Amino acid sequence: MAHERPTLDTVAAAAGVSRMTVSNAYNRPDQLSPATRLRVLEVASRVGYSGPDPTAASLRLRRTGTVGVVLTERLPYAFTDPGLVTILHGITSGLSDAGSALLLVPAGGEGSESLVRHAMVDALILCAIAADDPAVAAAVERQVPLVTVGKPRLPKVPAVGVDNAAAAASVARHLLDLGHQRFAVLTTVTGHQRTSSPSLFQERVHGFRDALVAAGTDPSAIEILTAADNSRPSARTDVIELLSRPRARRPSALFAVTDILALGVLEAATDAGLTVPRELSVAGFDDIDAAAASRPPLTTVAHDLFGQGRAAARLALRQIAGESVRAPRIVTQLVPRGSTARAPRRRRPGGAA
């Protein structure tokens, strides 16, 4: 017959102390003298007691010490997107400072709604998820503190993020000021996002296009392409036909809704024999580390991704503590670099420039 697992009472009896003294040795060591705590822990080790059951403690205290982050994609994607990695770094930093843990919960895929409903967390941070994703409804129904990053925007839920449309419009104005007249936009449909409400990528597309049209650009001079996913290889593959067209039929400027896509466009331009920015201006969004290091350096929209992660963690923790919160305003800044320049002069009939 197997031996029963040792308990607090087992240790208390063996050490000749109260059950509370054993509990304090693990949970409130400041309540005991160092000698008493050391003796209790030595007895616990001798009888094979490994400490209080964390699950039972969570149920008793109604706290897990953990905040869940619900991601828009399956978990492997989270570690391939530099922007998302930076946000997660910020969240982890904020939680770590407060002694809290992080649990990653994927949205999308079979069983994801159940994962959100049953995750043992004190709060949830929803990161770049469409409002009609079932994971959002599952999170709201749990009635735990919520924070969103990027998307969705929910009633009475603090949202950390930028004005994507306004930021993308600043890219459009920059390219217009450089004399460009024909444009392309490269976006992507992430694997599990719905489209009945605009995603942050769609907001960027709309902001860019609307600013061009408002400035008098003919809508037919704006071509929108969709990459298979948010990766350099997809961007490189999905724009090569566009960039291989004759000069009169291809855009002179391209805006990609992420830096990752924009970096893929730079590679595709090389494949097509185009010089950036002399023959094609390219701009991105996010200002990840690779943007400044690319050749040429990438014009992009900067916003504090790490700071947004820390802000989301802080808002979640303050709500857990019962405090009222307000999301901070996140600013964006257009960062012109070497990947954009004045539009190439169009040739007049007869070959003259």
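This report describes a predicted model, beginning with the whole chain and then turning to some of its local features.

## Basis and overall make-up

Residues are numbered from 1 along each chain as its sequence is written, and side-chain values use heavy atoms, with hydrogens and water left out. Because the model is predicted, local features need pLDDT of at least 70 and side-chain atom pairs count only at pLDDT 80 or more, while totals for chains, interfaces and linings use all residues.

The chain has 15 helices and 11 strands, these being DSSP runs numbered from the N terminus (H or I of at least four residues for helices, E of at least two for strands). Of its 353 residues, 49% count as buried, where buried means under 20% relative accessible area, exposed means over 50%, and partly exposed lies in between, as found with a 1.4 Å probe on protein chains only. Among contacts in the chain with a separation of 6 or more, 70% come from residues 24 or more positions apart, a contact being heavy atoms within 4.5 Å.

A search of the whole structure finds two aromatic pairs; rings of Phe, Tyr and Trp (its six-membered ring) pair if their centres lie within 6.5 Å, and planes under 30 degrees apart count as stacked, over 60 as edge-to-face and the rest as tilted. Phe183 and Phe208 have ring centres 6.2 Å apart and planes at 80°, so this pair is edge-to-face. The pair links distant parts of the chain, with Phe183 in strand E6 (residues 183–188) and Phe208 in helix H10 (residues 200–214), 25 residues apart.

Phe208 also forms a stacked pair with Phe255, at 4.8 Å centre to centre and with 25° between the planes. Since Phe208 lies in helix H10 and Phe255 in strand E8, this pair ties together parts that are 47 residues apart in sequence.

Leaving aside residues up to four places away in sequence, Val257 touches Leu186, Thr187, Thr188, Phe201, Arg204, Val205 and Phe285. The C-alpha atoms of Val257 and Leu186 are separated by 6.4 Å, although the two residues are 71 apart along the chain. Arg204 lies over the face of Phe285, at 3.7 Å from the ring centre; a charge sits over a ring if NZ of Lys or CZ of Arg is within 6 Å of the ring centre and within 35 degrees of the ring normal.

Thr217 lies in the loop between H10 and strand E7 (222–227) and counts as buried, at 12% relative accessibility. With residues up to four places away in sequence not counted, Thr217 touches Leu176, Gln181, Phe183, Leu212 and Ile222.

## Packing of H2 against H3

Helix H2 (residues 19–27) and helix H3 (residues 34–47) pack at an angle of about 100°, with their axes 10 Å apart; axes are lines fitted to C-alpha atoms, for helices over the stretch in contact, and angles run from 0 to 180 degrees between N-to-C directions. That makes H2 roughly perpendicular to H3, since angles of 65 to 115 degrees count as roughly perpendicular, under 35 as roughly parallel, over 145 as roughly antiparallel and the rest as oblique.

In this contact, Thr21, Val22, Ala25 and Tyr26 of H2 meet Thr36, Arg37, Val40, Leu41 and Ala44 of H3. These residues divide into six nonpolar, two polar and one charged, where Ala, Val, Leu, Ile, Met, Phe, Trp, Tyr, Cys and Pro count as nonpolar, Asp, Glu, Lys and Arg as charged, and the others, Gly among them, as polar.
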